[in-house]
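This report walks through a few helices, the residues packed between them, and a stretch of surface. Please look over the sequence and the model before reading on.

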Amino acid sequence: MATVAASSFWIHQIRLVGPWSPIHLLSIFTLIVLPLGVWRAHHHEVAAHRRIMIFIFAGALVIAGLFTFVPGRIMHAVVFGH
């Protein structure tokens, strides 16, 4: 997760604020929260670890996945046609 989130900072296809897009906010969120989740697991705080991992899953996979359906993106054309 950390590698994928960090690598997103070299992708600048959608430029809303300089070279950045809202998807980069999810990457920042992941890079901040992921070490916290690992720390919670290391300290045997299972419920807190589970909650953090679910938030990361929802943010990094579900929300980022929805961004792929924005008009002009490849997945939008694949699903909805040209």
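Is Thr30 buried or exposed? The model is a predicted one, and in it Thr30 has a relative accessible area of 3%, so Thr30 counts as buried. Buried here means under 20% relative accessible area. Thr30 belongs to helix α2. Apart from neighbours within four places in sequence, the residues in contact with Thr30 are Met1, Ala5, Pro35, Ile56 and Ala60.

A second residue of helix α2 is His24. His24 has a relative accessible area of 4% and is therefore buried. Its contacts, again leaving aside neighbours within four places in sequence, are Ser8, Phe9, Ile11 and Pro19. With Ser8 there is also a polar contact: the side chain of His24 comes to 2.9 Å from the backbone oxygen of Ser8.

The next helix to consider is α3. The buried residues of α3 are Ala48, Ile52, Ile56, Gly59 and Ala64. Helix α2 (22-42) is included in what covers them. One of these buried residues, Ile56, is also a contact of Thr30.

On the surface there is a nonpolar patch formed by Phe57, Leu61, Val62, Ile63, Leu66, Phe69, Ile74, Met75, Val78, Val79 and Phe80. Together these residues have about 1,100 Å² of accessible area. Two elements, α3 (46-67) and α4 (74-80), each give two or more residues to the patch. Val79, a member of the patch, sits in helix α4. Its relative accessibility is 45%, so Val79 counts as partly exposed.

Between α3 and α4 runs a loop, and Pro71 is found there. With a relative accessible area of 62%, Pro71 is exposed; the cut-off for that class is over 50%. Pro71 and Ala58 are 13 residues apart along the chain, and 22 Å separates their C-alpha atoms.

The table lists the residues discussed above with their accessibility.

| Residue | Relative accessible area | Class |
|---|---|---|
| Thr30 | 3% | buried |
| His24 | 4% | buried |
| Val79 | 45% | partly exposed |
| Pro71 | 62% | exposed |

Key:
Residues are numbered from 1 along each chain as its sequence is written. This is a predicted model: local features need pLDDT of at least 70, side-chain atom pairs count only at pLDDT 80 or more; totals for chains, interfaces and linings use all residues. Side-chain values use heavy atoms; hydrogens and water are left out. Patches are made of residues with over 30% relative accessible area and no salt bridge: like charges are joined within 9 Å, nonpolar side chains (Val, Leu, Ile, Met, Phe, Trp, Tyr) within 5 Å. Accessible areas come from the Shrake-Rupley method with a 1.4 Å probe; for residues, only the protein chains shown count as cover. A salt bridge is a side-chain nitrogen of Lys or Arg within 4 Å of a carboxyl oxygen of Asp or Glu. Helices (H or I, at least four residues) and strands (E, at least two) are DSSP runs, numbered from the N terminus. Buried means under 20% relative accessible area, exposed over 50%, partly exposed in between (1.4 Å probe, protein chains only). Contact means heavy atoms within 4.5 Å. A polar contact is a pair of N or O atoms within 3.5 Å; within protein, one must be able to donate a hydrogen and the other to accept it, and residues adjacent in sequence count only if both atoms are side-chain atoms.
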